[in-house]
Amino acid sequence: MKLRDIMNNIPREKLAPLPTPLQRLENTEKLIGANNKMYIKRDDLTGVGSGGNKVRCMEYIIGRAKADGCVGVLASGNGQSNLCSLAAASAAKAGMKCYIVHNSDKPETSVGNALLNDLLGVEREYMGACDSSIREKYVYEVIDRLAEKGEKYYLIRNGATTGHGALGYVNAIIELVDQCEKENLDIKHIFAPGGNGGIASGLVYGNALMGFPFTVHIISVEDTKPVLIEHIEKTIKEIEEITGLAFEFEVDKAADIVDKYMGDGWSFNTPESENEVLEFVRTEGIYIENVYTSKLMYGYKDMVKNGMVDGDSAVIHTGGFGSLFSQY
Ligand SMILES: Cc1ncc(COP(=O)(O)O)c(C=O)c1O
């Protein structure tokens with residue numbers, strides 16, 4: 001069976017208005033003197049909550065949760081986690097409950113995603129500041145506690161970087177292939193950020209199983225290339241278990257994994273990424289934020305400017321709008 005057929009048979013809750021728009025970045029092309037067309041794939045406009053990549057992931061996670069007979073989903077992350085906020089908004093749309101565990105202190109004033117979560121009225125608990133590895137163990141206790149009350153919750157592990165979560169970006173490759181054909185676009189390269197590697201795993205796997213329609217470039221915002229590759233390999237194994245289709249490549253050969261724009265890692269701005277948040281919205285009227293999309297956008301523009309991208313290209317805007325308001 002082919003990837004498309006298999007994807008059509010996996011439980012999915014439709015949440016996002018898809019395909020997300022592909023818009024030309026003409027002002028950016030002029031600004032950097034690009035020789036080819038540049039596009040932005042607006043995955044920040046995924047139609048639920050403040051939008052972003054996690055809505056695609058939630059389509060498959062909620063699909064699985066419903067198929068498993070769960071009443072809700074349990075998400076965990078720091079107080080400004082985009083995943084937590086989007087899991088809560090997605091659950092609301094899907095008619096499910098959501099429970100959030102934050103490994104941070106309760107904020108005195110709610111800003112950014114914390115405010116959005118207040119408005120959503122989602123049930124939350126704060127563990128106080130601790131490492132995410134401690135949180136990832138603790139959530140199993142919470143799941144058990146909820147189950148004792150007779151409520152089965154689906155645990156969203158590892159910031160939704162799981163096989164089911166990554167299916168959202170396997171689907172995004174199929175969507176991009178169809179969209180390019182329908183809109184008569186000749187996009188050869190796609191760029192996306194690499195945090196835990198969930199988006200990257202879906203894109204790299206989907207692109208390979210669709211016969212490499214694109215060159216996938218992943219701009220790491222968090223870890224060095226070997227560490228990010230390890231994360232991607234692990235999640236690709238989980239995808240393979242769901243689809244039953246093997247990925248017979250080395251990640252490093254199947255995609256371009258770039259770690260030169262990450263600076264000191266997750267949530268540490270580089271001078272260039274800090275500037276990019278301002279430059280990009282002042283050039284294109286599209287907001288990006290300081291953790292993921294600023295390093296992505298700077299890296300994308302830098303690689304195009306330096307002639308490292310031969311042909312038309314698209315960058316995937318993964319959102320994060322909710323957290324932007326807590327970053328200044
Ligand atoms: C806005 C945004 N972009 C990118 C990412 C990175 O995604 P991944 O962890 O799948 O690499 C995240 C993850 O939380 C995110 O919130």
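Q: How many residues of domain 1 are in contact with domain 2, and how do I read such a contact?
A: Two residues are in contact if their C-beta atoms, placed from the backbone, lie within 7 Å. Here 28 residues of domain 1 meet 27 residues of domain 2 in this way. Do keep in mind that this is a predicted model: local features need pLDDT of at least 70, side-chain atom pairs count only at pLDDT 80 or more, and totals for chains, interfaces and linings use all residues. Residue numbers start from 1 along each chain as its sequence is written.

Q: Which helices supply at least two residues of the side of domain 1 that touches domain 2?
A: Helices (H or I, at least four residues) and strands (E, at least two) are DSSP runs, numbered from the N terminus. On this side of domain 1, helix 7 and helix 13 (321–324) each supply at least two residues. Helix 7 has the largest share, 7 residues. For the classes, Ala, Val, Leu, Ile, Met, Phe, Trp, Tyr, Cys and Pro count as nonpolar, Asp, Glu, Lys and Arg as charged, and the others, Gly among them, as polar. That gives 8 nonpolar, 16 polar and 4 charged residues on the side of domain 1 that touches domain 2.

Q: Which residues are the closest to the ligand?
A: A residue is near a molecule or strand if its C-beta atom, placed from the backbone, lies within 6 Å of it. The ligand is surrounded by 18 residues, with Gly 195, Asn 196, Gly 198, Thr 318 and Gly 320 the closest. Helix 4 (82–94), strand 7 and helix 8 (198–209) are the elements that give two or more residues to this shell. Helix 8 gives the most, 3 residues. By class, the shell holds 5 nonpolar, 13 polar and no charged residues.

Q: Why does the ligand lie between the two domains?
A: The ligand lies between domain 1 and domain 2 because both give residues to the shell around it.

Q: In what order do the strands of the sheet run?
A: Two strands pair if DSSP finds at least two bridges between them. In this open sheet, 6 strands follow the order 1-2-10-7-8-9, with mixed pairing. Strand 1 (22–24) and strand 9 (256–258) are the edges, each pairing on one side only. As one example of pairing, strand 2 (residues 38–41) and strand 10 (residues 312–316) run in the parallel sense over 4 bridges. Across that pair, Tyr 39 stands opposite Ala 314 in strand 10.

Q: Is Asn 158 buried, partly exposed or exposed, and why?
A: A residue is buried if 20 or more other C-beta atoms lie within 10 Å of its own, exposed if 12 or fewer, and partly exposed in between, with C-beta atoms placed from the backbone. Asn 158 has 19 C-beta neighbours inside 10 Å, so it counts as partly exposed. Asn 158 is found in the loop between strand 6 (153–155) and helix 7 (163–182). Although not a glycine, Asn 158 has a positive phi of about 50°.

Q: Where is Phe 212?
A: Phe 212 is in the loop between helix 8 and strand 8. Phe 212 has a positive phi of about 55° although it is not a glycine. With 12 C-beta neighbours inside 10 Å, Phe 212 counts as exposed.

How values were computed:
Domains from an automatic or database assignment.
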